[in-house]
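User: Hi! I'm new to reading protein structures, and I'd like to take a close look at one helix and its surroundings. Could you walk me through what is tucked away there and what lies around it?

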Amino acid sequence: MADGGAPQHGITLERGLVRGNNTVHSLNPARLIEKIIRERIFDSLYWKEQCFGLSAATICDRAAELTYIGGQYGQQRPTPFLCLAFKMIQLQPEREIVEEYLAAEDFKYLRALAAFFIRLTYPAVDVYKLLEPLLSDYRKLRIRNMNGFRLTYMDEFVDALLTEERVCDIALPRLPKRMVLEDTEELDPRESALGSELEDSDEDEEGGEKSESEEEGEEKE
């Protein structure tokens, strides 16, 4: 109840906390981002000017304008990427919308934002299933941190999401090792792209050897 009136429905924000029964990893979704970083997000100019009034349908327009990823820069200012990630956490968009963002090949920073959101909020099995295909995306990404700008790549960013404890200055929820999920048969063994290339190479070599043998046989005849 709010001031004796009707109960409030949906998401109500009180300095970032999400009210209601929705939890992520048994936490209030907002607590996926440390409190001190949340406070810096709320105080940032980008949050006040660019994130006000955004919905799950319109946040993609802001994300499409991103030109780099990252956590904090300068005097611990949050990047637009981090502000939009927190806005997505507040909004908790439908799964179909998030996966549309992830599939947006023409907007690599929107894809990176969706990958980051998935790593923060989705169950472990879904994290692996949705993010591992991006390990074959080798496009460049600019990343901004306390030391300035540097280049990284989408596959490196996704690999960090799957293997590191902190990415973009945010502590990631615990993710079981892939092997553990394979042992419990929750995930099928992953076939690496390198393994497939080696198999194709072996087949090509075998095909070449057979052709040479056939040619030698014809010459003898």
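Analyst: The buried residues of helix α7 are A124, V125, D126, V127, Y128, L130 and L131. That is seven of the eight residues in this helix, which spans residues 124–131, so α7 is mostly covered. Please keep in mind as we go that this is a predicted model.

What does the covering? Among the elements over the buried residues of α7 are α5 (95–102), α6, α8 (154–163) and α9. Let's visit some of these neighbours in turn.

Start with α5. A pair of packed helices is described by the angle between their axes and the distance between those axes. For α5 and α7, the angle is about 35° and the axes are 12 Å apart. On the α5 side, the residues that meet α7 are R95, E99 and L102, and their partners in α7 are D126, L130 and L131. Sorted by class, this contact holds three nonpolar and three charged residues, with no polar ones.

Next comes α9, which covers residues 178–183 and includes R178. R178 has a relative accessible area of 16%; buried means under 20%, so R178 counts as buried. Its side chain makes a polar contact with the side chain of E182, at 2.6 Å. Setting aside neighbours within four places in sequence, R178 is in contact with Y128, E132, L187, D188, P189 and R190.

Now α6, another of the elements covering α7. Helix α6 (residues 108–121) has a packing partner in α4 (residues 80–91): their axes come within 10 Å and cross at roughly 50°. The two helices are therefore oblique to each other, and their crossing is right-handed. From α4, the contact uses F81, L82, L84, A85, M88 and I89, while α6 brings Y109, A112, L113, F116, F117, L120 and T121. Twelve of the residues in this contact are nonpolar, one is polar and none is charged.

Finally, step back to the whole protein. Its secondary structure comes to ten helices and nine strands, and buried residues make up 41% of its 221 residues. Of the contacts with a separation of 6 or more, 63% are between residues 24 or more positions apart.

Notes: Residues are numbered from 1 along each chain as its sequence is written. This is a predicted model: local features need pLDDT of at least 70, side-chain atom pairs count only at pLDDT 80 or more; totals for chains, interfaces and linings use all residues. Side-chain values use heavy atoms; hydrogens and water are left out. Axes are lines fitted to C-alpha atoms, for helices over the stretch in contact, and angles run from 0 to 180 degrees between N-to-C directions. Helices (H or I, at least four residues) and strands (E, at least two) are DSSP runs, numbered from the N terminus. Angles under 35 degrees count as roughly parallel, over 145 as roughly antiparallel, 65 to 115 as roughly perpendicular and the rest as oblique. A crossing is left-handed if the near helix is turned anticlockwise from the far one by less than a right angle, and right-handed if clockwise. Contact means heavy atoms within 4.5 Å. Ala, Val, Leu, Ile, Met, Phe, Trp, Tyr, Cys and Pro count as nonpolar, Asp, Glu, Lys and Arg as charged, and the others, Gly among them, as polar. Buried means under 20% relative accessible area, exposed over 50%, partly exposed in between (1.4 Å probe, protein chains only). A polar contact is a pair of N or O atoms within 3.5 Å; within protein, one must be able to donate a hydrogen and the other to accept it, and residues adjacent in sequence count only if both atoms are side-chain atoms.
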